[in-house]
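Student: I would like to go through this structure with you step by step. Could you put it up first?
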Amino acid sequence: MAQKIDVRAVEAILYGVYKALHGLVGDSSAAVMRKAAPDILDMLSKLGVDFSCVDNVDKLSAKVRETAVDAGLCENMQFTINGNELTAEITQCSFFPLTAKLKEDGVPPFGCPFAALTIAISEKNLGKRARLKTLEPAGKPGDTKLVVELMDK
Amino acid sequence: MAKLKDLLIDLAKVEGINAAVVVGRDGFVIEGVSDNSSMDIEAVGAVISTGIGSAEMMGRELAVGVMTQALVEYKNGILVTSLLGRDAVLAAVADLSANLGNVRYQIKKRCPEIESSL
């Protein structure tokens with residue numbers, strides 16, 4: 001089995017899937033990602049990326065950052081916590097060209113994997129309820145800031 | 001959110017309605033009440049949001065305007081959903097024997113106050 005995938009092929013597949021999802025459920029497409037995130041976590045675990053050690057915000061920050069950078073999803077990911085808001089600053093997101101193309105075609109960035117993973121781990125491992133508050137470009141093209149609100153169950 | 005919870009409790013007191021839940025368009029369950037212990041309110045957020053999203057898109061494709069309310073009849077109950085502005089959805093589950101006209105009227109009447117409590 002081939003071990004390398006051309007990023008362009010992944011982008012093309014994701015572009016088609018994201019655009020179709022948005023075409024089918026419109027503004028509710030973010031809910032698809034909320035539903036998908038726990039399964040992404042399970043699959044990552046089966047593939048050897050285990051988040052079970054995460055039991056506080058510091059460990060969550062370190063593990064998500066390590067996973068995202070090692071997988072080539074971004075160059076860096078920096079978390080800060082302020083009260084009940086967890087902010088992640090993503091440097092040079094690898095999905096930036098895909099996101100830009102989707103935006104150009106009227107599809108919002110509902111499929112952000114960084115937000116999905118942060119929310120899913122917060123809910124599964126930290127016992128919190130979590131919701132994406134903002135997701136916006138920050139700094140240079142490809143840099144993104146997301147804020148997740150954490151709430152007690 | 002105490003006011004929202006109270007509004008949903010009041011809605012669930014309408015004869016025939018046995019659950020009411022408000023979810024964000026992102027599938028996040030904002031608040032919910034149910035007199036059915038087997039109903040997992042936390043689990044239905046994404047399903048309700050995408051269900052209403054799909055209904056909205058049908059309306060758009062069929063050029064019948066903006067969706068105001070959706071009613072789906074199942075074997076054991078009726079689901080009525082309404083948009084609460086751009087960011088949230090109200091869903092209520094009613095018995096098959098419920099007075100549908102009243103259920104729809106009560107939901108429509110209460111939506112503005114529920115929306116303003118978000």
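Predicted model: local features only at pLDDT ≥ 70, side-chain atom pairs only at ≥ 80, totals over all residues.

Student: Which residues of α3(A) are buried?
Tutor: A:Leu60, A:Val64 and A:Ala68 are buried in that helix. Viewed down the axis of α3(A), the buried residues fall within an arc of 45°, so they line one face of the helix.

Student: Why would residues at such places point the same way?
Tutor: An α-helix has 3.6 residues a turn, so residues three or four places apart point the same way.

Student: What covers the buried residues of α3(A)?
Tutor: The cover includes β1 and α5 of chain A.

Student: And which exposed residues does the face turned away from the buried side carry?
Tutor: That face of α3(A) carries A:Asp58, A:Glu66 and A:Asp70.

Student: What follows α3(A)?
Tutor: A:Gly72 follows the helix, and its phi is positive, near 75°.

Student: Turning to the sheet, what is the order of its strands?
Tutor: The sheet is open, with 4 strands in the order β1-β2-β4-β3 (chain A), and the pairing is antiparallel. β1 (76-82) and β3 of chain A stand at the edges with a single partner strand each, so one side of each has no neighbour in the sheet. From one strand to the next, the twist averages 20°.

Student: How many bridges join β2 to β4 in chain A?
Tutor: There are 6 bridges between β2 (residues 85-91) and β4 (residues 144-152) of chain A, which run antiparallel. For A:Ile90, the bridge partner in β4(A) is A:Thr144.

Student: Which strands does helix α3 of chain A touch as it packs on the sheet?
Tutor: Helix α3 (residues 57-70) touches β1 and β2 of chain A, and its direction makes about 165° with that of β1(A). Helix α5 (residues 113-125) of chain A also packs on the sheet, touching β1, β2, β3 and β4 of chain A; its direction makes about 165° with that of β3(A).

Student: Now the chain contact: how many residues does each of chain A and chain B give?
Tutor: Chain A gives 14 residues and chain B gives 13 residues. On the side of chain A, the elements giving two or more residues are α1 (7-25), α2 (29-46) and β3 (128-137).

Methods:
Residues numbered from 1 in each chain as written. Chains lettered and ligands numbered in written order. Contact = placed C-beta atoms within 7 Å. Pairing = 2+ DSSP bridges. Axes fitted to C-alpha atoms, helices over the stretch in contact; angles between N-to-C directions. Buried ≥ 20, exposed ≤ 12 C-beta atoms within 10 Å, placed from the backbone. Arc of directions from axis to C-beta.
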